[in-house]
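This report examines a protein chain for a reader who is new to structural description. Please keep the sequence and the model in view while reading.

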Amino acid sequence: MSKLPKKKISKGTIYILATYNNTLITLADEHGNAILQSSAGALGFSGARKSTPYAAAKVAELIAEKGKLIGLQEAGIYIKGVGAGRESAVRAFAAQGIEFPYIRDVTPLPHNGPRLPKPRRV
């Protein structure tokens, strides 16, 4: 297992970024300073397997285990993105016994977005 930080934390924040290609999870303290981070690619998943719910759950298990070692008991969760690993990552944290007072979806939504391309003339 890699080197763990010396700083002990009991409360923190978990940021889950679930894209179509990968799932990245970051554990931060109450002030937003990143303490641990990992991704499906860093665990050895490659190609299409990086974006699976199973890969996201494995990343979440790893972060939760390391979090427990540094004293993490409860953490708020911020989820961003539309990937397949959103829900399974949260379930994996719940299975490890970490409590979360809130789960917030911070996926950016366009307020109508850029102008659409002109219709195709055939």
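The following paragraphs treat the sheet, its hairpin and helix, and then the aromatic rings.

The structure is a predicted model. Its five strands build an open sheet, in which the order is β3-β2-β1-β4-β5 and the pairing is mixed. From one strand to the next, the twist averages 15 degrees.

Strand β1 covers residues 11-18 and strand β2 covers residues 23-28; the two pair in the antiparallel sense over six bridges. In this pairing, alanine 18 stands opposite threonine 23 in β2. Strand β2 also pairs with β3 in the antiparallel sense, here over five bridges, and alanine 28 stands opposite alanine 34 in β3. Strands β2 and β3 form a hairpin with five residues between them. Within the turn, glycine 32 has a positive phi of about 95 degrees.

Helix α2, formed by residues 86-95, lies across β1, β2, β4 (74-80) and β5. The helix runs at about 155 degrees to β1.

**The aromatic rings**

A pair of aromatic rings is described by two quantities, the distance of the centres and the angle of the planes. How many aromatic pairs are there? The count comes to three aromatic pairs, and two of them are set out below.

| Ring pair | Distance of centres | Angle of planes | Arrangement |
|---|---|---|---|
| Tyrosine 15 and tyrosine 78 | 5.4 Å | 10 degrees | stacked |
| Phenylalanine 45 and tyrosine 54 | 6.0 Å | 80 degrees | edge-to-face |

For tyrosine 15 and tyrosine 78, the angle of 10 degrees lies under the limit of 30 degrees, so the pair counts as stacked. This pair links distant parts of the chain, since tyrosine 15 belongs to strand β1 and tyrosine 78 to strand β4, 63 residues apart. Tyrosine 15 has a relative accessible area of 35% and is therefore partly exposed.

For phenylalanine 45 and tyrosine 54, the angle of 80 degrees is over 60 degrees, so the pair is edge-to-face. Are these two residues buried or exposed? Phenylalanine 45 is buried, with a relative accessible area of 16%, whereas tyrosine 54 is exposed, with a value of 53%.

Ring pairs also join Tyr15, Tyr78 and Tyr102 into a cluster. Over the ring of tyrosine 102 sits the charged end of arginine 104, 4.1 Å from the ring centre.

How values were computed
Residues are numbered from 1 along each chain as its sequence is written. This is a predicted model: local features need pLDDT of at least 70, side-chain atom pairs count only at pLDDT 80 or more; totals for chains, interfaces and linings use all residues. Side-chain values use heavy atoms; hydrogens and water are left out. Two strands pair if DSSP finds at least two bridges between them. Helices (H or I, at least four residues) and strands (E, at least two) are DSSP runs, numbered from the N terminus. Axes are lines fitted to C-alpha atoms, for helices over the stretch in contact, and angles run from 0 to 180 degrees between N-to-C directions. Contact means heavy atoms within 4.5 Å. Rings of Phe, Tyr and Trp (its six-membered ring) pair if their centres lie within 6.5 Å; planes under 30 degrees apart count as stacked, over 60 as edge-to-face and the rest as tilted. Buried means under 20% relative accessible area, exposed over 50%, partly exposed in between (1.4 Å probe, protein chains only). A charge sits over a ring if NZ of Lys or CZ of Arg is within 6 Å of the ring centre and within 35 degrees of the ring normal.
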